[in-house]
Amino acid sequence: MSGTPTRSWLVNAATIAAVSAVASGTNTTYDNRMALDTWTIERLIALAGGNAGLRDRIRLQADALCALGGPMLSDAELDTPVPTRLLSKDTVLVDQPMPLRDLIKGLAEAELPGHTRQLLALLPGGAAAEAAP
């Protein structure tokens, strides 16, 4: 199961790390290139214990992101510019500082719903129809 759901796990983890760094007052960067690395993806699937473990970790990461990105952060923290590099396949989408709030918003509005549909499609017995856009 290499591919997008595992990338979601890696992107979630990078976002959690960036939010935690800003909340602790330290400098951070945001770079999704490791989420595109096949070796890293395969290794993390094994560490998670396969597809079921991966789904559980993604669910727990979503809980952590809701807790961290909610009322815990001030407007000043959410406005903190984070040097960001986002790639999709071989195309650079972003290579400039972005406010932390935009990273969280992009994850919540685009990444999580899309990856949820992909994970549902992996479940046995008819979940693929439920996952259609």
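Predicted model: local features only at pLDDT ≥ 70, side-chain atom pairs only at ≥ 80, totals over all residues.

A: Start with D79. This residue is partly exposed, with a relative accessible area of 41%. Partly exposed covers the range between the buried limit of 20% and the exposed limit of 50%, so 41% falls inside it.

The side chain of D79 meets that of R101 in a salt bridge, 2.8 Å from N to O. The two partners come from distant parts of the chain, 22 residues apart. R101 belongs to helix α5, residues 100–122. D79 lies in the loop between α4 (75–78) and β2 (81–88). R101 is partly exposed too, at 29% relative accessible area.

Now move to the strands. D95 forms a salt bridge with R85, and their closest N and O atoms are 3.3 Å apart. This pair also links distant parts of the chain. D95 is in strand β3, residues 91–99, while R85 is in strand β2. The two residues are 10 residues apart. R85 has a relative accessible area of 28%, which makes it partly exposed.

Next comes D31. Its side chain meets that of R33 in a salt bridge, 2.4 Å from N to O. D31 is partly exposed, with a relative accessible area of 29%. R33 counts as partly exposed as well, at 42%.

Why do such pairs form? Side chains of opposite charge can pair when their charged atoms come close.

Note on methods:
Residues numbered from 1 in each chain as written. Heavy atoms only, no water. Salt bridge = Lys/Arg side-chain N within 4 Å of Asp/Glu carboxyl O. Buried < 20%, exposed > 50% of the residue type's maximum accessible area, 1.4 Å probe, protein only. Helix = DSSP H or I, 4+ residues; strand = E, 2+ residues; numbered from the N terminus.
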